[in-house]
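This briefing is for a reader new to the structure. Please look over the sequence and the 3D view before reading on.

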Amino acid sequence: MTPPPAAAARLDRAELPLPAKISAARPAPARADRPFKGIALILASTVFLGASDVAAKYLSATLPSIEIAWIRFLVFALIMTPAMLPGSPLFALRTGRPGLQLMRGAALLGSSLFFISSLRFLPIAEASATGFVSPLFVTALSIIFLGEKVGLRRWVATALGLVGVIIILRPGSGAFHPAAFFPLVSALAWACTLIMTRMLSGSERAITTMTYSSIAGVGILTALVPLVWVAPSWHDILFGIFIGLASTVGQWIVVLAFRYANASVLAPFSYTQLLWVSILGFLIFGELPDGWTVTGAAFIVASGLYTAHRERVRRSQLPVQAEPSPNA
């Protein structure tokens, strides 16, 4: 990828392996308790991810969603190519959990594809606000896959977030569009991505996770894109490359941010992405969020903030040795 941030270089730097040591897998870097650095990184990631979403909406007027996602993941895979080459100092394909890595990549692809599909029909602020219900899905999935216990107050917060979704979608009204379900499916897929990232934390390096995600995404989409292919113009290709670069850098920064702080600390700051996409949506598409979207988004953000607060309280009550090391 474009030269990774200094944090990435420090976390994943290693000397050139000697021939006798090539088979040895490097351990994942240890987490550091530096919340302010994690917050700064997550804020930076929202700028890149928001710009990528806006560019995807712009491109959705001329290219099918699958093709936009294919260009994005192709750029992603090209950036990660050095990590796929045996003998490279960045080689990162050795993993103890290849199946989980590929499943995470497929979930990330699903999240991207459904969200891009929604942008053709929905204002970007509405799609983004709906997509931010992923913490609610994480709450439910963490019970099944991580064995976590969820108390009454977190379930109340989850219900509050669902009220926000209903306010935005307004099912049964003339403003409802079936594509409004796409950001919900995208949020569910993103929640699965986060759960699997957390399961991989502590045993896999960031560059390994990113590399497998690029392989899974470009592999699946290469099989699908011939079914919907539209010859892109150079203008379309340039925008597609920008989407791939911005989303890759944004995702990389997200993974790094969770090396420095827990999800409960970082989650509230990820909502600043709503601000960026709203501003850019107004400046580029003339889309101004209506009162329903703003109100529903407020419910969703309040739900997410309270869920993050309860997670922080829960972690503070755990014994130090039982503190998990989430990577998403």
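At what angle do helix α6 and helix α8 pack, and how far apart are their axes? Helix α6 (residues 134-145) and helix α8 (residues 181-200) pack at an angle of about 45°, with their axes 8 Å apart. This is a predicted model, in which local features need pLDDT of at least 70 and side-chain atom pairs count only at pLDDT 80 or more, while totals for chains, interfaces and linings use all residues. Residues are numbered from 1 along each chain as its sequence is written, and side-chain values use heavy atoms, with hydrogens and water left out.

**The chain**

- The chain has 13 helices and zero strands; helices (H or I, at least four residues) and strands (E, at least two) are DSSP runs, numbered from the N terminus.
- Of its 328 residues, 50% count as buried, where buried means under 20% relative accessible area, exposed over 50% and partly exposed in between (1.4 Å probe, protein chains only).
- Among contacts (heavy atoms within 4.5 Å) between residues at least 6 apart in sequence, 89% join residues at least 24 apart.

**Helices α6 and α8**

- With their angle of about 45°, α6 and α8 are oblique to each other; angles run from 0 to 180 degrees between N-to-C directions, and axes are lines fitted to C-alpha atoms, for helices over the stretch in contact.
- Oblique covers the angles left over once those under 35 degrees count as roughly parallel, over 145 as roughly antiparallel and 65 to 115 as roughly perpendicular.
- The crossing of α6 and α8 is right-handed: a crossing is right-handed if the near helix is turned clockwise from the far one by less than a right angle, and left-handed if anticlockwise.
- On the α6 side the contact includes Phe 137, Val 138 and Leu 141, and on the α8 side it includes Leu 188, Trp 190 and Arg 198.
- The residues of this contact of α6 with α8 divide into 12 nonpolar, two polar and one charged; Ala, Val, Leu, Ile, Met, Phe, Trp, Tyr, Cys and Pro count as nonpolar, Asp, Glu, Lys and Arg as charged, and the others, Gly among them, as polar.

**Helices α4 and α9**

- Helix α4 (residues 98-119) packs with helix α9 (residues 206-224) at an angle of about 60°, and their axes are 7 Å apart.
- α4 and α9 are therefore oblique to each other, and their crossing is right-handed.
- Among the residues making the contact are Gln 101, Arg 104 and Leu 108 of α4 and Thr 208, Tyr 212 and Ile 220 of α9.
- The contact of α4 with α9 divides into eight nonpolar, six polar and one charged residue.
- Ser 111 also has its place in α4, and at 9% relative accessibility Ser 111 counts as buried.
- Leaving aside neighbours within four places in sequence, Ser 111 is in contact with Ser 186, Ala 189 and Trp 190.

**Ser 247**

- Ser 247 is found in helix α10 (residues 234-260) and is buried, with a relative accessible area of 2%.
- A polar atom of the Ser 247 side chain lies 3.3 Å from the backbone oxygen of Gly 244.
- Beyond neighbours within four places in sequence, Ser 247 is in contact with Leu 49, Ser 52 and Arg 72.

**Phe 282**

- Phe 282 is found in helix α12 (residues 272-285) and counts as partly exposed at 43% relative accessibility.
- Phe 282 and Ile 124 are 158 residues apart in sequence, and 9.4 Å apart in space, C-alpha to C-alpha.
- Leaving aside neighbours within four places in sequence, Phe 282 is in contact with Glu 287 and Leu 288.

Note on methods. A polar contact is a pair of N or O atoms within 3.5 Å; within protein, one must be able to donate a hydrogen and the other to accept it, and residues adjacent in sequence count only if both atoms are side-chain atoms.
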